[in-house]
Amino acid sequence: MARSTFQRMLGIAGAFAVLAILGFVILPAAVVTLAAFNDKAILAFPPQTWSWRWFAKAIAYDDFRSGFGNGVIVAGWASSIALLVGTTFAFALDRYAFPLKRTIETVLLSSLVVPHFTIGLGFLILAAQIGWARGFIVVIACHVVLVLPFVLRSVYVSLRNLDQRLELAAASLGASPGRVLVTVTLPLLAPGLVGGWLLAAILSFNEFTASLFVTAQRTQTLPVAMYNYVREYADPSMAALSVMYILATATLLTLANAYLGLGKLLNVETRR
Amino acid sequence: MSRPGAENRSNEPTGATAAGSDQAAVRLLRASKRFGKVVALDDAMLSIRRGELMTLLGPSGCGKTTLLNLVAGFLVVDAGEIEIDGKCVNEIPTYKREIGMMFQNYALFPHMSIADNVGYGLRMRGIPKPDLKRRVAEALSLVRLIGVEDRRPFQLSGGQQQRVALARALVVSPKVLLLDEPFSALDRNLRASMQMEIKEIQRQLGVTTIFVTHDQSEALSLSDRIAVMFEGRIRQVGSPDEIYRRPADRFVASFVGDVNVLRGRLHRTDNQAIVALGAARISVPTEPLARVRSGDRVDLFVRPEQMRFANSGEPIALEGTVAAHIYQGGYVNLYLEAPEVCTSRLLIRSLEPDAINRWPTGTRVGVTIAGADVMAFEPEPAIQSV
């Protein structure tokens, strides 16, 4: 019986450990969420009195509004361009053998190991050198470099999982290469393409470090706007914005999961 | 176009091949393909008649899949020509070749319904909707699949998926149907019934078919003719019976069907070849023995059913000891040890139900060779030097 008691205690301890770890993981988000509802104009935890007013203020704040708009523009363009470039390279890497293949792959994935501030600084120096203002083109170009590895990996893994015999079967049935692409390859790659694009868009929208270097007042994205705000004010509107951020991302991912399957999105699907 | 050389020897008269070229559905004219330094297909000559089921048989890596892919247009020949319907297709891409192909894993489109899978080839040909629907329904009923039009491939069993794949390949009325090891994914019972069914459908439609397999019993039971391949070369082309009874060389003899290889000695008379084995004298075809002199050693290739236990008074070809039995229901496989004539165990097939009791393990038995089609080949060089 002692043995079973010991096992039961071990079980309880294990459950506590798991709960503690889970709690620790969601702690920051929970603290911020609670702080957002503080009626007082300070970032404090836990709040004494409750209010929605910081949500209203965050939504109304001009810099946040333009930051959100800029973020959508930058994320949309950057992830779309990265998708186009990444898909092209993924096809080339998957289907063809050519010299310097490994080198090209390494270069494309290099922004994973180069710190974001280095990339941001690089683009800043470059833009200054050729006399460009810190306009959207520089910001978007910078973000393309940052998100490209994620799109590339996502599409590449989907391509690897695509049975090429399906394309051969289509060809044997009379489909020209163009029609094979449209009727077989692209539909089967769609989850990987959409997933890659979505991942890139979220990463771009959230990106701060490099964006700090390459954005100007006119082009600043939401994280940069938030940073500038928090340098001057310390009221809970930051926290309220964070809550909206979390909700928006969660909604997006839930929708993506419902329509694409999160397994496919993260490329952990098992081949049928 | 007939090429000398034992390697490519066909048992059909070469004249027939030449005369049959008008009605050949698919022809390979000295087709070669290499991958880097590996020669996958070497100088292949093959003529497949209209409506015929031709099997490409050989172990993995023998070039049979390469040959199939060349006909399909997935690969392009390095040298030689491939003809479909009398027209060279070397420059014609797969999608214009009007073929139908069934893949080993069926390769059904997972994102399409069964009806869309089967109708794919018709859509690519721009067949109008009502016509398309009718032909899809016909094809599905041909393979005896009813009521699955709206399902997805993953909702079907392996056998059903195979039927869909067959319907999809046949619905376009292909000039040639290509089957790439189609039965390997099915379990034993299903395999036998699908084989029969596909053979029936093939005969019914009269569609020229190239069938790739490494399974010799499958090849023997399904084919009109078989091309046995090894190391990139076509070693023999012939009917299943010809391949089994008159194999062109050692490889074909041992790859197709069970065979015992026995050491004998050749005695040549005028235009006859006789092999002496124990007290037995066995007449064998002379063609494979052109380079062997009288008195030399030869290897005798004897099928299990060509051997039986000797009755008293019959000439005994060899003596051996019963080493094992395998009961198979209708017959019993007996394994003999006879080290003087054969390094491995000999296989004898007995139809007697009480063979296990009559010849228990350890029994010393005399064996006689009875049968008209015993073949002899010159020994392999390595063994000859011993």
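**Exercise 1. Strand pairing around β19(B)**

Solution. Strand β16, residues 318–327 of chain B, pairs with β19(B) in the antiparallel sense, and four bridges hold the count; here two strands pair if DSSP finds at least two bridges between them, and strands (E, at least two residues) and helices (H or I, at least four residues) are DSSP runs numbered from the N terminus. Within this pairing B:Thr321 stands opposite B:Arg364 in β19(B). The next step turns to strand β15 (residues 307–309) of chain B, which three bridges join to β19 (residues 364–369) of chain B, again in an antiparallel arrangement. In that case B:Met307 is the residue that faces B:Ile369 of β19(B).

The model is predicted, so that local features need pLDDT of at least 70 and side-chain atom pairs count only at pLDDT 80 or more, while totals for chains, interfaces and linings use all residues. Residues are numbered from 1 along each chain as its sequence is written, and chains are lettered from A and ligands numbered from 1 in the order in which they are written.

**Exercise 2. The six-stranded sheet of chain B**

Determine the strand order of the open sheet of six strands in chain B, and then its edges.

Solution. The order is β6-β7-β8-β3-β9-β10, with mixed pairing. The edge strands are β6 (99–102) and β10 (233–238) of chain B, each of which pairs on one side only. Neighbouring strands are turned by 20 degrees against each other on average, direction ignored, where axes are lines fitted to C-alpha atoms, for helices over the stretch in contact, and angles run from 0 to 180 degrees between N-to-C directions.

**Exercise 3. Domains and the chain contact**

How many residues of domain 1 of chain B are in contact with domain 2 of chain B?

Solution. The domain bounds, which come from an automatic or database domain assignment, are 6–98 + 174–252 for domain 1 and 259–384 for domain 2 of chain B. Their C-alpha centres lie 32 Å apart. Five residues of domain 1 are in contact with four of domain 2, contact meaning that C-beta atoms, placed from the backbone, lie within 7 Å. The contact between the chains takes 17 residues from chain A and 20 residues from chain B, and α7(A) gives the most to the chain A side, with seven residues.

**Exercise 4. Confidence**

Over which residues of chain B does pLDDT stay under 50?

Solution. pLDDT, the predictor's confidence in each residue from 0 to 100, has a mean of 87 in chain B, where 93% of the residues reach 70 or more. It stays under 50 over residues 1–21 of chain B, for which the model has 28 contacts beyond four places in sequence. Where pLDDT is low, the predicted coordinates should not be read in detail. For the complex, the predictor gives an ipTM of 0.82 and a pTM of 0.79.

Methods:
Two residues are in contact if their C-beta atoms, placed from the backbone, lie within 7 Å.
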